Amino acid sequence: MKQYDVTKIRNIALAGHNGSGKTSLAEALLYKAGVSDRLGKTADGTTVCDYDPEEIKRGISINTSLAAFEYGDMKINLLDTPGLFDFAAEMNEGIRASDTVMITVSAKSGVKVGARKAYNEAVKQGKSKMFVVTKIDDKDANFFNVLTELKTVFGPTVCPVVVPVIQNGAIVSYVNLIEMKAYKYDNKGNAVETEMPTAEISEKFEYRIDGLIAAVSEAVAETSDDLMEKFFEGEPFTQKELIDGIHDGMNRGIITPVVCTSATELAGIDMLLKEIELLLPAPHEVYPAEAYNPAKTIVEIECDKSAPLAAYIFKTVADPFVGKMSMIRVMSGKLEANSEAINSTTGNPEKIGKLFTLCGKKQIDMPFAEAGDIVAAAKITANTGDTLSSASRIVELPAVEFPKPCYSMAVKAKAQGDEAKISTGIQRLVEEDPTLTYIQDENTKEQILSGLGEQHLEVAAAKLKGKFGVDISLSVPKIAYKETIRKKVKVEGKHKKQSGGHGQYGHVWIEFEPCVSDELIFEEKVFGGAVPKNYFPAVQKGLEDSVKKGVLAGCPVVGLKAILVDGSYHPVDSSEMAFKTAASIAYKEGLRQADPVMLEPIGELRVTAPDDNTGDIMGELNKRRGRVLGMEPVSHGITLIQAEVPMREMHDFAMYLRQVTRGLGYFSLDFARYEQLPANLLTEVIMAVNEE
């Protein structure tokens, strides 16, 4: 693939709701551009972008894939992102590397939550946007209803550019409102110009055409004072004025064009490629990226190939054969193969080996990549979110924000001895996916894998098996219960054993009382040498070993103060081990008498959800024994609910919230403190802990 000037590059992220046709649209664009010789299908697992074995098996996109291709005198870097909420990190990475986000909306099902999320993320990252209404050929499709819905949801910036002409429920042609021409498509997706629709074709269409032309003109008029003046004078815009106006409006975020396509019949795909060339901003036209220099001052990074290097690693792919592969967006300067750069994030030098561009899994070697382009590098040590700079100008680009993991499962190896391989494999997956975390729970000693949902962790487990040959099982994590006491007691502990010859003798009186401490507090108030001082450490050690297990369910004991007040010893038979055992006997008896109780962990919950769902969520939190502490508006139609909830009730809350808010809600749950477990749950918890 030849090198392209920054003016001839377009970086596009395909985003939208799961099943809205992103991968099929990418396939149609690649086929129409002559990159592939057959039109692959998602259901058959034959698409260019969904090449991972898990994607083929499940029939969904799991990873963001790069499909770079040439069309005319342009290079288009197409980033196909997943629509499932479990893989939201992939969408964020793809949008970060793009200049335009092409949001797919099904003509059959309309605007779904995935489209809203993609739009909001594009706005957040300052990207231009375009809507592509897909599946226009479906018998249940209704383009004009979807167009109305787009305007209702996303506001007046929505501007139709390509619309269908419908007669008796069937599409007879497509109208390009910029060219003011109509086209018919044959069964191979080839366009033939036809007459513009008249009232005979559709009694309402003439009115619609006038209204749509007015909508385009009004949107373009907003982009400059001169065009606004011309619009008010009633003069029609020229084709060049329409193209330049929409191009400028997209770049400034004040126009969002709408086109329609059928990926299966290839209708409208040629027009979409034309709009990509004419309407979408090139990398040098977008606002300069902001970065931080070593003094933490903000500097602007212009998209200029003659400037010092600044490149952002937006995605990492873990491959057991190739090693780590990093996808890089070059923001300025020139990234060369077999060169050296500075990793601004870590401060370490980075050896750059081979560079290549990708079209799905196909790799094409590149000697270098210049400002505005996207490239992949193999076997570099940098991670997702790191910045590569030249030594002459060290800058660090802000890392993209990812959703926090909210669904956790305990990991166990199915085969004995695979524990080390699990750790190595998951570490590679965590490098690839920033929304996965893998830790050991300090209290339960379980290995915990956390992600964004059930399917997210299932896919991680499948990748672990497929890529690294490690089979794991996932189970609900144990809850870290603890025990404590509620009253003060004084007990005796005596260990006396005579077995011929040297015996064992230890005798203590210990007071146990509640206190506020996670660790055992030990004191001694022995008078008259009843217990010699050299045995105090043995008594303390015996108690410290004992508090690891309580008397109710064998959980660690907290909030315990032990005071050694009396005892006795034998000049020959007493030993440290005897006093350690005596302390343990006193502990067991003391805790039984001191009104022991179970403690459960309480979490601090922050739920962000649409106003319409707050009542349902608060009702659900009450069922889960939660206490709602307050509510506050976050933005228009969105409310933050703060609550405290027992951790044992929250394992499947992520699934509940996603279902009730249709994916719009999210939450964070952090450990706050321990509280007494209600008496009605005590037997159930003790049985569950003992079974474990």
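Buried positions in helix α9 of this predicted model are Ile269, Asp270, Met271, Leu272, Leu273, Glu275, Ile276 and Leu279. The helix runs over residues 269-279. Eight of its eleven residues are buried, so α9 is mostly covered, where buried means under 20% relative accessible area.

Helix α5 spans residues 143-154. At 1.5 Å a residue, its twelve residues should span 16 Å. The end C-alpha atoms of α5 lie 16 Å apart, which agrees with that expectation. Phe143, Phe144, Val146, Leu147, Leu150 and Phe154 are the buried residues of α5. They cover an arc of only 160° around the axis, and therefore sit on the same side of the helix. Asn145 and Thr152 are on the other side of α5, where both are exposed. Just after α5 comes Gly155, with a positive phi of about 90°.

Strands of a sheet pair through backbone hydrogen bonds, in either a parallel or an antiparallel manner. In this model, four strands form an open sheet in the order β25-β26-β24-β27. Their pairing is antiparallel. The edges are taken by β25 (437-440) and β27 (472-475). Each has a single partner strand, so one side of each is left without a neighbour in the sheet. From one strand to the next, the twist averages 35°.

The pairing of β25 can be followed residue by residue. Its partner β26 covers residues 447-451. The two strands run antiparallel and are joined by four bridges. Opposite Tyr438 stands Leu449 in β26.

Technical notes:
Residues are numbered from 1 along each chain as its sequence is written. This is a predicted model: local features need pLDDT of at least 70, side-chain atom pairs count only at pLDDT 80 or more; totals for chains, interfaces and linings use all residues. Side-chain values use heavy atoms; hydrogens and water are left out. Two strands pair if DSSP finds at least two bridges between them. Axes are lines fitted to C-alpha atoms, for helices over the stretch in contact, and angles run from 0 to 180 degrees between N-to-C directions. Buried means under 20% relative accessible area, exposed over 50%, partly exposed in between (1.4 Å probe, protein chains only). The expected span of a helix is 1.5 Å times one less than its number of residues. The arc is that of the directions from the helix axis to the C-beta atoms.
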